[in-house]
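Please take a careful look at the model shown below, and keep it in view while you read.

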Amino acid sequence: MIPVSLPLATGAVLFALGVFGVLVRRNAIVIFMCIELMLNAVNLTLVGLSSQLKSVDGPIFVMFVMAVAAAEAAVGLAIIIALYRRKQTVDVSHFNILKG
Amino acid sequence: MSFWLALLIAMAKLLVLMALFLAATAYNTLYERRVVAPIQQRIGPNRAGPWGLLQPIADAVKLFFKEDIVTARSEKFLYLLAPIIAVSCALLYIVAVPFGPEIPGLQNAPSAWNKFSMLDLNVAVLYTFAVSSLAVYGVLLGGWAGNSKYSLLGGMRSGAQMISYEIAMGLSIMPAVMSAGSLSLHDIVAAQHDMWNVLRLPWGPVGFFIFMMAMLAEANRAPFDLVEAEQELVGGYHTEYSSMKFGAFFVAEYGNLITVSALIVTFYLGGWQGLPFINLGLPAWLSPWLGLVWFGLKTLILVAALIWIRWTFPRPRYDQLMGYGWKIFFPLALANLFVAGLLMYVGQRLGIGYFG
Amino acid sequence: MGKLDKFLLTDLFKGLMLTLKYAFKKPITYQYPEVRRPIEPRYRGRHRLTLHDDGSVRCVACGLCAAICPSQCITIEPMEGPGGKRMPQVYEIEIGRCVFCGFCAEVCPFDAVVLTQEFEMATTDKSTLLFDQQTLREKPRG
Amino acid sequence: MAYQALYILFALGALFGGVNVVARRNPVNSAIGLLFTFICIAALYILHGSPFLAMIQIIVYAGAILILVVFTVMLLALRDPGKGLAKFFTVPQKLFALFGAALLGGEMFYLAWHALAGVAAPGDADLATLSQPATLAQALFGKFLLPFEVASVLLLAAIVGAVALTRRPKGTAAMIDAPHPDEQGGPR
């Protein structure tokens, strides 16, 4: 039996890593990947808790998170490609004005 | 049954499976060349050993002794990783395939372990999806890491192609899954004991056709081998590979051919079940071993059919390929799934077992 | 092609049937070292220097063959043989450059150099591709 | 005990992959790190008794989302970012971000390790049946049917949005291939 602290701790560290990456990296695609990392950390927490609480809601929620992540991937990467077309770069420090 | 005994059984099965699979992969290259030769009115390789039976060994030795080239300014780690991913995905792919019913003498073992496959996984269908989606990375990274525009184009093409056809593939096997009511491949085979899925009109033949086409595209086989279109892209994603790294891609390709045929047999051609409607009247103790024979025979014939298809049809253009995937196979599979579901529901209501 | 044919993919099956038909035809392969395809009577292969009955070469080293050779692969150096006869001291053909046009045999006034039907001259050692007089005197295999 | 050791092994693997995502300069290397993390997390799901989720994790995250990311990286033909570790922001910014992330992580870690460790299980389902796809399906198509349908609408909206965003107006040239305005060095 796995103690619930293990998934929660792993999820916490992974989430912090993702946050750090989003704050620190300038490449939009890497930032996107860091967001995926955070989503995964949350998923792991959900699964760990639901196996502790013996409830089916956690895995279901994980599936919805995955659906949202897939939608996010489609739109997010489309935005990145559109931005690249305009600026020829994916460095977020170049995207500092609202007007395209 | 103790944990260690289960582990021992698993290791023994894995050893036998991997040895047989790798041998079959090696001889698959010879099989392809000997099957294609008469189509082109040739004889095929027959010099190394009797009937050319040592040809795969000769090929392997030749590959081993070739110079191992690493392209300049390539990403070394990924360049090494790509063939490893390709070959390990090919090995992982075969693990879920059921070769036969229960192994005689292991009736008391847990139900996941006592069959003629590595493991009777209760999510085996998803497992095959997962492995086939991981296999894209081998091709994609192999194309990218070589630092060559042609192999990059080959890798990109394959990435798009494999993702696109995965959808049609998933939808086309869903009727089989629904008919068995299980995601386990053993259950899917067992549900076909009186009728192969391909014979279940109307959804069987359609699903079989779409699944076969999608699997051809997944395994990068002709006519969907635009990944390695020699005329346009030199060798495709493995242009920059030589020696045993190229050999690894080669093993993956021919191993995938076997696995793809085995999966088509499992989903639509009755797996290890014998011919429907015909009782050969053989003794019952023989049936597990007969299952293996049936499975091997069907797979062998299907591999020959895929080779036959490869050497008959020309390659479609790339936009045509994507068009087939998204505009024909995907809607057709979706409609097929709907029809199958409807018929199964009606059949269950009326007590007709024909639709699954 | 009708709509039904298009729907049932008749053309694809026609193609498959065609390849299947060929699969049962007799292969046209010659199993080369054991079975050889018949060589045409005027096939031009490796050179040979023809000999008189006493075993001396017929060649008088006139140099016509070397002059006409388009790939300039023939080297001749004349010498005076027994009885004041002109004969070649050196007669070399660089067979790797030869195009087997047969002009040398055509132009030879004494039929001293002829083209045989032997074609198996493959080697792993380039230096053996320079055929000297001794090699050229040998009767061809087969 | 063996399960816990395996769990810790795969958890460390996931963290290793995560560090690679953040630290590697080349986005493709980051993506491979992320792939490693996904596979390790799938293994963790299996250890939690949920192979179904593990397979879905690999199919959706590794097979679809990450492939798209890798595809985008390769499609954009970014100039060679070089090897090794990434260039970060300036040092104070970096330190600030590190501090913030460490604070967040530490806080959550503390909570995870201490506060929640003793939560008792109410247990409305058996763990053995929890792992079955049928249980998940019954919940998904029963209790959660409305969210499920909403998710499908969301996916449809995402498809339409992605197509609308990346579609270029008719007649415009392929700007994506134009060289960078600052540096005239060709695309990688």
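A salt bridge is counted here when a side-chain nitrogen of Lys or Arg lies within 4 Å of a carboxyl oxygen of Asp or Glu. The structure is a predicted model, in which local features need pLDDT of at least 70 and side-chain atom pairs count only at pLDDT 80 or more, while totals for chains, interfaces and linings use all residues. Residues are numbered from 1 along each chain as its sequence is written, chains are lettered from A and ligands numbered from 1 in the order in which they are written, and side-chain values use heavy atoms, with hydrogens and water left out.

Over all chains, the search of the whole structure finds nine salt bridges. One of them joins the side chains of Arg33(B) and Asp59(B), with 3.1 Å from N to O. This pair links distant parts of the chain, since Arg33(B) sits in helix α1 (residues 3–39) of chain B and Asp59(B) in helix α2 (residues 55–64) of chain B, 26 residues apart. Helices here are DSSP runs (H or I, at least four residues), as strands are (E, at least two), and they are numbered from the N terminus.

How open to the surroundings are these side chains, when buried means under 20% relative accessible area, exposed means over 50%, and partly exposed means in between (1.4 Å probe, protein chains only)? Arg33(B) counts as partly exposed because its relative accessibility is 34%, and Asp59(B) counts as partly exposed because its value is 23%.

Chain B also has a salt bridge between the side chains of Arg317(B) and Asp319(B), at 3.0 Å from N to O, and Asp319(B) is partly exposed, with a relative accessible area of 47%. In chain C, Glu94(C) forms a salt bridge with Arg97(C), the closest N and O atoms being 3.2 Å apart. Glu94(C) is partly exposed at 33%, and Arg97(C) is partly exposed at 40%.

We can now turn to the interface of chain D and chain A. Contact, meaning heavy atoms within 4.5 Å, takes in 89 residues from chain D and 73 residues from chain A. The area buried between these two chains is about 7100 Å², of which carbon and sulfur atoms give 78%; buried area is the accessible area (1.4 Å probe) that two parts lose on being put together, summed over both. There is one salt bridge between chain D and chain A, and in it the side chains of Lys143(D) and Asp57(A) meet at 3.2 Å, N to O.

The next interface is that of chain D and chain B. The contact takes 25 residues from chain D and 25 residues from chain B, and the area buried between them is about 2400 Å², with carbon and sulfur atoms giving 74%. The count of salt bridges between chain D and chain B is zero. On the side of chain D that touches chain B, α2 (27–47) and α3 (51–75) of chain D each supply at least two residues, and the largest share, 14 residues, comes from α3(D). By class, this side has 18 nonpolar, four polar and three charged residues, where Ala, Val, Leu, Ile, Met, Phe, Trp, Tyr, Cys and Pro count as nonpolar, Asp, Glu, Lys and Arg as charged, and the others, Gly among them, as polar.
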